[in-house]
Amino acid sequence: MPAFRQVGEKQLPNPILCMAWSPKRDLIALASTTGELLLHRLSSFQRVWSLAPSEHIGKEITALAWRPDGKILAFSLGDMKQVVLCGVEKAEILHVFHMQNPVSCMHWMEVTEESSALGSFYQSEDESKLFLPKLASLPKSYSTTSKLFSEEKSDEIMNLLGEVRLNILVLGGDAGHVELYAYGMYKIATLAGVSGSCRTLSLSSDLKSLVVITEAKSAEDRAEICFVQLDTGLLSDCLPELTRMARKFTHISTLLQYLHLSLTCMCEAWEEILMQMDLRLTKFVQEKNTSTQVQDEFLELLLWGQSSPELQALLMNQLTVKGLKKLGQTIESSYSSIQKLVISHLQSGSEALLYHLSEVKGMSLWKKKFQPLGLDSAAVEAAITAVGSFSLKTSELLQVIDKSMKNFKAFFRWLYVAMLRMCDEHVPPELNKMTQKDIAFVADFLSEHFSENELLFDRKGKYFNIERVGQYLKDEDEDLVSPPSSRGNQWLKFLEDSTHLKESPLLFPSFPQKSLHFVKRMMEKTIELCLQKPAEVIGKSVKEAFFLPLYSAPRRSESTQHLFELPSVWNDKKAKMHNVVFCMPHVSPHKVYLLRKGSDPSRHIPNVVASLDLSHHRDAPDGDNADPRPRGVYGCLDARFYSNETLTVVLQGAEEENGRSVLAQLPVSSSLSCQSEFNWTPGLRLDQQSASIPCQDLVLGHQWRELEGMKAQFVAVNGIREVACVLSENLRHLRVFEMDVEDEDDEGAEPQNDAAERDAPDAATAGQGDESAEAIHDEDGKTEERLESEETSEL
């Protein structure tokens, strides 16, 4: 009876570059060469959804990583130099941030250390909910122009925070560039000085060290693979303070994303049709033959009911009664939508920003605890001031909207009646009544907006600017075309006359000449500077603790895919050790090497390096009916840590024995039970002293299975869910196994038949390369509620 039960098989239309199992569910994420991201379920390997590549998210996926709670999937884009956080439930892109270099590897870990300080923080972390209202959801009409985000996004954006327990996304790229992001959002460290490009990395769960496997160019023009251990003791020593600071900054980063989406909604609510009145009046000024001003033309119509032929042609032929009515309704609807978004989204979001920044300021003043992390009170104060300026600008916009709505409503009501009279149509009685106060209000509006002195100039000549809201929503550096008038403002006059208040740090600057977009960008830059300082300080504290050149190998061409290649790194949380598995086929093609190093760089570990000989089998069949062991000499194609004690490997026999592939589980303890200890000679690579590395014979037992009809090459495992996925040499053929269940003799063929029936719809769906996240579908019709219920039952 074969070991491991096969539960699924699939032939995919495009080669697979990355595989990653979910840490909490029986789900596996796959990335293809076309840039498509696929999510499959273990059961019969059914597809849950697919995210097609697009111009917004790039087409070259280079790495995958799951958040420890399994709700967010991170993937990197080499062509766009971006990292994307995708919600698993609805396949929605929640956050995108740019990198200086393309990301080649990533690791998302969760801190397991406990302390009394952290326990109290976990319980009190949600105190902000007692003081701040819940942020309003974004309108359903959103995403008409942006294809990155879909409707009802605010709840999803806030879910980026995840659990309170600290988790860190570690990103490695070319030129040794490494960055650490708390909760996958806030950059807490930027590391430089790691020689070579990163191939894989792992941050220990106690935050004491970071292991990076690098590839550098050797003197012989070959690729030199090295093991680098970096001391991250500052993160471990200041874990309670780091968690508090990172959590607050993650709140702030999430709120900035929320404000950005809210402002995008406002820009979409403002329509170009609102400029129609300005364009008509500008054309009227350019074409009219009379010397009278536009203001006089409209005042004559207001006071005497008479108009010039030019004005009458403008109103009746170009603007029209129907067009004026539509324009008035559009302006009222658009202004009302923008007004609601400012009140419910921008102002509430900026209030939440001020709250969290104020708490960060309190942390920065506790210098004994937070100064080692680089928290600067002056930078935090500057960020608070910038948020205050943004709040003032939102209040200013509300005043402009309110005034514009009143002005346009009165003006359009009067002009509508005047145009009805021009064409001898019936005027409704409720519109026919106009008091002296109404006439004075319209006259003031005409005097303020229609005067020749109010005309603006550009390279095309004079133009009108009656519509005053749109200028606040333009993402430009220029000053406002028509800034609000400060005449009669008693508060501003009082400030000008007061020498002490004028320069007071307690007052937020207002920037009356700038747009809302400009002030928002200024606020984001100031907050970014505030967030950068801790990342620089923490990054400089990280030092190299151990360096071991492993082996050299022929350099590959840039077109060669190497995303699955060894070495593979594993962090043993229980023993607090880093484990590395690798092969040196040019030295010992039939050996697997294991390297162990304590997460604490100062800790001594015996048997740092050991090897396992795949050409010698110590075990023999037990009885006549026992399964025969795989005879012959094997080489290791791929190896991944299944657990702290077990290694999952893909073995390949010699060509003279038909080169059959074998999936096996190897006990790590047997290879590390060597009596002799390896003594590393400094200055030499590991492959140059491989003869002195302790070696043990292969012990397979019953934990192996021959992969018939498949030329296997790579494997991805999840020891918690007890599953493995084997990928063929051509990167298209997949088989999925439950590792702790023995297979029945006739069960192996059943998934293969099912897979053949599913290949056709899979290929059809994969062809939808230009669809965005809205086209994501669930093949078996399951909703996200079903996913959640399944997760609960699984756990």
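Accessible areas here come from the Shrake-Rupley method with a 1.4 Å probe, and for residues only the protein chains shown count as cover.

This is a predicted model, in which local features need pLDDT of at least 70 and side-chain atom pairs count only at pLDDT 80 or more, while totals for chains, interfaces and linings use all residues. Residues are numbered from 1 along each chain as its sequence is written, and side-chain values use heavy atoms, with hydrogens and water left out.

**Figure 1. The whole protein, as a starting point.**
Let's begin with the overall picture. The protein exposes about 35,600 Å², and carbon and sulfur atoms supply 50% of that area. Of its 795 residues, 54% are buried; buried means under 20% relative accessible area, exposed means over 50%, and partly exposed is in between (1.4 Å probe, protein chains only). The secondary structure comes to 19 helices and 31 strands. Helices (H or I, at least four residues) and strands (E, at least two) are DSSP runs, numbered from the N terminus. Among contacts in the protein with a separation of 6 or more, 66% are between residues 24 or more positions apart; a contact means heavy atoms within 4.5 Å.

**Figure 2. Phe97 and Tyr181, an aromatic pair.**
A search of the whole structure finds 15 aromatic pairs. Rings of Phe, Tyr and Trp (its six-membered ring) pair if their centres lie within 6.5 Å; planes under 30 degrees apart count as stacked, over 60 as edge-to-face and the rest as tilted. Phe97 and Tyr181 make a stacked pair, with 4.5 Å from centre to centre and 25° between the planes. This pair links distant parts of the chain: Phe97 sits in strand 9 (residues 92-98) and Tyr181 in strand 12 (residues 178-182), 84 residues apart. Both Phe97 and Tyr181 are buried.

**Figure 3**
Phe411 and Trp414 are separated by about one helical turn because they are three residues apart in helix 11 (residues 377-422). Phe411 has a relative accessible area of 1%, so this residue counts as buried. Trp414 is buried too, with a value of 7%. Ring pairs also link Phe411 and Trp414 with Phe298, Tyr335, Phe408 and Phe412 into a cluster.

**Figure 3. Two lysines over ring faces.**
A charge sits over a ring if NZ of Lys or CZ of Arg is within 6 Å of the ring centre and within 35 degrees of the ring normal. Lys514 lies over the face of Phe518, 4.7 Å from the ring centre. Lys597 lies over the face of Phe546, at 4.9 Å from the ring centre.

Two strands pair if DSSP finds at least two bridges between them. Nine bridges join strand 16 (residues 223-231) and strand 19 in the antiparallel sense. Look for Val228, whose bridge partner in strand 19 is Phe547.

Strand 30 (residues 723-728) and strand 31 (residues 733-738) pair in the antiparallel sense over five bridges. Ala724 stands opposite Phe737 in strand 31.

**Figure 4. Gly709 in its loop.**
Gly709 lies in the loop between strand 28 (704-706) and strand 29 (712-718). With 76% relative accessibility, Gly709 counts as exposed. Leaving aside neighbours within four places in sequence, Gly709 is in contact with His733 and Arg735. Its C-alpha atom is separated by 8.9 Å from that of Arg660, 49 residues apart along the chain.
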